[in-house]
Amino acid sequence: MLFPVSEAIPTGADREPVLEKFLDWADGAHDTPVPEVLGAFFGQPLDARTLRITGLHHVALYIGDYRHEADFEDWLETVRACPRVGHVSTGPSHIAPRAYGTPGHWINLRTDLGNEVELFTCRRRDIWAERPAEQKTSLMSHFGLCIDSPGHVRPLLDFLASFDGIRLLAYAPADELGHTYGHLVREDTDRVLELVHAGAQPGGPA
Ligand SMILES: [Fe+2]
């Protein structure tokens, strides 16, 4: 499962066709069976039921670096105007400044097929700018898997972070949407996996 690699967020006339490609990829990736997601991240089969993982929650894509805030604003406008997209929300990345020394933005949306998708972009500066595009894609793109209860998210993250070469990247108990979630990173591949218990969201299914 290779995420698409993009050096920079699309600008100008590239925005709409590239957004369509990202959405096509994300809709396709939403059909990935959970055992495949687990196997690709851990490099070994793990039983989803035993871990109390109930399904795939979202797919997150790194859409490339931005240089200027105006480029991000233009991109956001394109996303909001896209007829295939609904429930758009956005905010500043919490992980990028702390873990990678650069600011970033997330955009959360739902496609017309009902799939939840996150789009990430970070500002091209300092050491982040020197990382290869493939590495940035690995570090920011991820699958989010549903956990059956909020209280199980942290214990499961801690258990999985005890595996060789896996560490806990972030944990957030109940954000403004009522989501409890955390991220694991695999040190040899720079891949990231998210575990989430989704709270009730206004205007959509939990
Ligand atoms: Fe995520």
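Here is a short chat about Gly144 and the sheet around it.

Reader: What kind of model is this, and how are residues numbered?
Author: It's a predicted model, where local features need pLDDT of at least 70, side-chain atom pairs count only at pLDDT 80 or more, and totals for chains, interfaces and linings use all residues. Residues are numbered from 1 along each chain as its sequence is written.

Reader: Where does Gly144 sit?
Author: In strand β5, residues 142–147. Strands here are DSSP runs of E, at least two residues, and helices are runs of H or I, at least four, all numbered from the N terminus.

Reader: Why is Gly144 called buried?
Author: The cut-off for buried is 20 or more other C-beta atoms within 10 Å of a residue's own, with C-beta atoms placed from the backbone. Gly144 has 22 within 10 Å, so it's buried.

Reader: What makes His57 a contact of Gly144?
Author: Contact means that the two C-beta atoms, placed from the backbone, lie within 7 Å. His57 is on Gly144's contact list, along with His58, Ala60, Glu194 and Val196, once neighbours within four places in sequence are left aside.

Reader: In what order do the strands form the sheet?
Author: Eight strands run β2-β3-β4-β1-β5-β8-β7-β6, in an open sheet with mixed pairing. Two strands pair if DSSP finds at least two bridges between them.

Reader: Why do β2 and β6 count as edges?
Author: Each has a single partner strand, so one side of each is left without a neighbour in the sheet.

Reader: How do you know that β2 pairs with β3?
Author: They share six bridges, in the antiparallel sense, and Ser89 stands opposite Asn108 in β3.

Definitions and conventions: A residue is buried if 20 or more other C-beta atoms lie within 10 Å of its own, exposed if 12 or fewer, and partly exposed in between; C-beta atoms are placed from the backbone.
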